[in-house]
Amino acid sequence: MAWYCKGGNSPRTASNFKRNVNPVCVTGTGSQKWHECYNKRAVERHNRYRIIHGTAATGFSVDAAAAKAIQAMLEAGTSMRDPSLRPAQFRSCGQSKFEGGSSSEVLATNAATDKWYSGKEAYNFPSGSANPGAQKESALQFTQIVWKGAAGKRVGFGVKVGGS
């Protein structure tokens, strides 16, 4: 439930809607399409977690080329598992995947980043590896976010909602 006091969408005229309602923040079309605002927010969220671990807050910045390549692969339905299917410059990049239960969950940058960060529960700090019995993938997704050696690295995110 939400109450908007004073109502945010008044008066309800077509011109007011056009002037006040932006589409989803997507830049470009075709192979140049990417979720510019999503990428910016996801990087900010990653960097907040880096601060918690005493890692440079400015460790990550947005890589628009990576975001465009990921988005193009998602739109084409290309397997994201096989690095050899990526453009050459992105074959050595690490990867984390998030599948949400709803469109709003997928589009919430915090949902994916928070899920990956929750892998800290699977990580054993004293041994430097996954806890016995824990999912190694979860620990790896966590460490990708807070890795000290990642300072200055660029990262890109792609988003696919539903079957679109």
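# Notebook: helix packing and salt bridges

**Entry 1, the overall picture.** I started with burial: 28% of the 164 residues in the protein are buried, where buried means under 20% relative accessible area, exposed means over 50%, and partly exposed lies in between (1.4 Å probe, protein chains only). This is a predicted model, so I note that local features need pLDDT of at least 70 and side-chain atom pairs count only at pLDDT 80 or more, while totals for chains, interfaces and linings use all residues. Residues are numbered from 1 along each chain as its sequence is written, and side-chain values use heavy atoms, with hydrogens and water left out.

I then looked up the secondary structure and found six helices and four strands. These are DSSP runs numbered from the N terminus, helices being H or I with at least four residues and strands being E with at least two. Along the sequence the pattern reads α-α-β-α-α-α-β-β-α-β. The C-alpha trace spans about 60 × 40 × 30 Å along the principal axes of the protein.

I also looked up contacts, meaning heavy atoms within 4.5 Å. Among the contacts with a separation of 6 or more, 59% join residues 24 or more positions apart.

How do helices H2 and H5 pack? I find an angle of about 35 degrees between H2 (residues 36-52) and H5 (residues 109-117), and their axes are 9 Å apart. The axes are lines fitted to C-alpha atoms, for helices over the stretch in contact, and the angles run from 0 to 180 degrees between N-to-C directions.

H2 passes H5 in a right-handed crossing. My note on the term: a crossing is right-handed if the near helix is turned clockwise from the far one by less than a right angle, and left-handed if anticlockwise.

On the H2 side I listed Tyr 38, Arg 41, Ala 42, Arg 45, His 46, Tyr 49 and Ile 52. They meet Thr 109, Asn 110, Ala 112, Thr 113, Asp 114, Trp 116 and Tyr 117 of H5. By class, this contact of H2 with H5 has seven nonpolar, four polar and three charged residues. Here Ala, Val, Leu, Ile, Met, Phe, Trp, Tyr, Cys and Pro count as nonpolar, Asp, Glu, Lys and Arg as charged, and the others, Gly among them, as polar.

Side chains of opposite charge can pair when their charged atoms come close. I searched the whole structure and got six salt bridges, each a side-chain nitrogen of Lys or Arg within 4 Å of a carboxyl oxygen of Asp or Glu.

Which one links H2 to H5? The side chains of Arg 45 and Asp 114 meet in a salt bridge at 2.9 Å, N to O. Arg 45 lies in H2 and Asp 114 in H5, so this pair ties together parts that are 69 residues apart in sequence. Arg 45 counts as buried at 17% relative accessibility, whereas Asp 114 is partly exposed at 26%.

Arg 41 is partly exposed with a relative accessible area of 48%, and Glu 44 is partly exposed with 34%.

I checked Lys 97 too: Lys 97 forms a salt bridge with Glu 99, the closest N and O atoms being 3.3 Å apart. Lys 97 is exposed at 52%, and Glu 99 is exposed at 64%. Elsewhere, salt bridges that share partners join Lys 40, Arg 41 and Glu 44 into one network.

Next I followed H5 to helix H6 (residues 136-146), where the packing angle is about 110 degrees and the axes are 7 Å apart. That makes H5 roughly perpendicular to H6, the label for angles of 65 to 115 degrees; under 35 counts as roughly parallel, over 145 as roughly antiparallel and the rest as oblique.

Thr 113, Trp 116 and Tyr 117 of H5 make the contact with Ser 138, Gln 141, Phe 142, Ile 145 and Val 146 of H6. By class, the contact of H5 with H6 has five nonpolar, three polar and no charged residues.

Is Phe 142 buried or exposed? Phe 142, in helix H6, is buried, with a relative accessible area of 1%. Not counting residues up to four places away in sequence, Phe 142 touches His 53, Trp 116, Tyr 117, Gly 119, Lys 120, Tyr 123 and Phe 125.
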